[in-house]
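Please keep the model open as you read.

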Amino acid sequence: MKVVYEDNHLIVVSKLPGEIVQGDKTGDKPLSEEVASYLVEKYNKPGKAFVGVVHRLDRPVGGLVLFAKTSKALTRMNRLFSQGKVHKEYLAITCSMPTPEENELVSSLLRIPKFNKSFVVPPGTEGAKEARLRYRVLGHSERYTLLQLHLLTGRHHQIRAQLASLGCPIKGDLKYGAPRSNPDKGISLLSYKVSFLHPVSKKEITLYAPLPSDALWQSFAPLLATLRSQDEA
């Protein structure tokens, strides 16, 4: 667990693929408990530290996860999320390049809990929900493509399902059509950037996740560093 940002109200960490954000039926220790243990140790807190789960990431996904350190911050961050005022950007490495290279995808997604999977279905299908995201090709290697993704809705497995529907599954994502798994059993999808107005100080906060250390991600590091410099200019 790497702490990317911390103040009296919030803590933002970079999650590794395979970690779960909140406890589930597996019984594995969730990231929320890791954060609580970190806070107890760092501040010599008696008893347990308050850690509010603001949002979640799929288990095989890495990158930024926000937690609240107070109930007031949790309530306010939940409100910002529900109002669409927390802006998240993802990076994905896909097995194919989409056409066109920049577009907004609008799909009807149907979640099938039995398979823990979502499917792109015809509009009007009972139980389906509209899913929207924007993507842009940032670069590519000999075999893979790097995409920048902006979520406009927050549906179950949305990015994974919508990209797979284009014939561009995320590297390592066997569930959605990738031909082989990644060595760490994760998928090459990163919660890379988050921007929001701080719920207490009202300052604009923009945070970036560190890139994974494997060679493919690192090959895109110079390109992303240039884009980040342009963002911050």
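The lining of the second largest pocket divides into 13 nonpolar, seven polar and five charged residues (Ala, Val, Leu, Ile, Met, Phe, Trp, Tyr, Cys and Pro count as nonpolar, Asp, Glu, Lys and Arg as charged, and the others, Gly among them, as polar). This is a predicted model, where local features need pLDDT of at least 70 and side-chain atom pairs count only at pLDDT 80 or more, while totals for chains, interfaces and linings use all residues. Residues are numbered from 1 along each chain as its sequence is written, and side-chain values use heavy atoms, leaving out hydrogens and water.

**Second largest pocket**
- This pocket has a volume of about 460 Å³ (the space filled by probe spheres set on grid points, which are joined across faces, edges and corners).
- A pocket here is an open set of points on a 1 Å grid over the protein atoms alone, where a 1.4 Å probe fits, with protein on both sides within 12 Å along at least five of seven lines; lining residues have an atom within 4 Å of a point.
- Pro17, Asp184, Pro212, Ser213 and Asp214 are the closest to its centre among 25 lining residues.

**Largest pocket**
- The largest pocket has a volume of about 1,500 Å³.
- Its lining has 38 residues, with Arg56, Leu57, Asp58, His156 and His157 nearest the centre.
- By class, 13 of these lining residues are nonpolar, 14 polar and eleven charged.

**Glutamine 218**
- Glutamine 218 touches Leu211, Pro212 and Ser213, not counting residues up to four places away in sequence (contact means heavy atoms within 4.5 Å).
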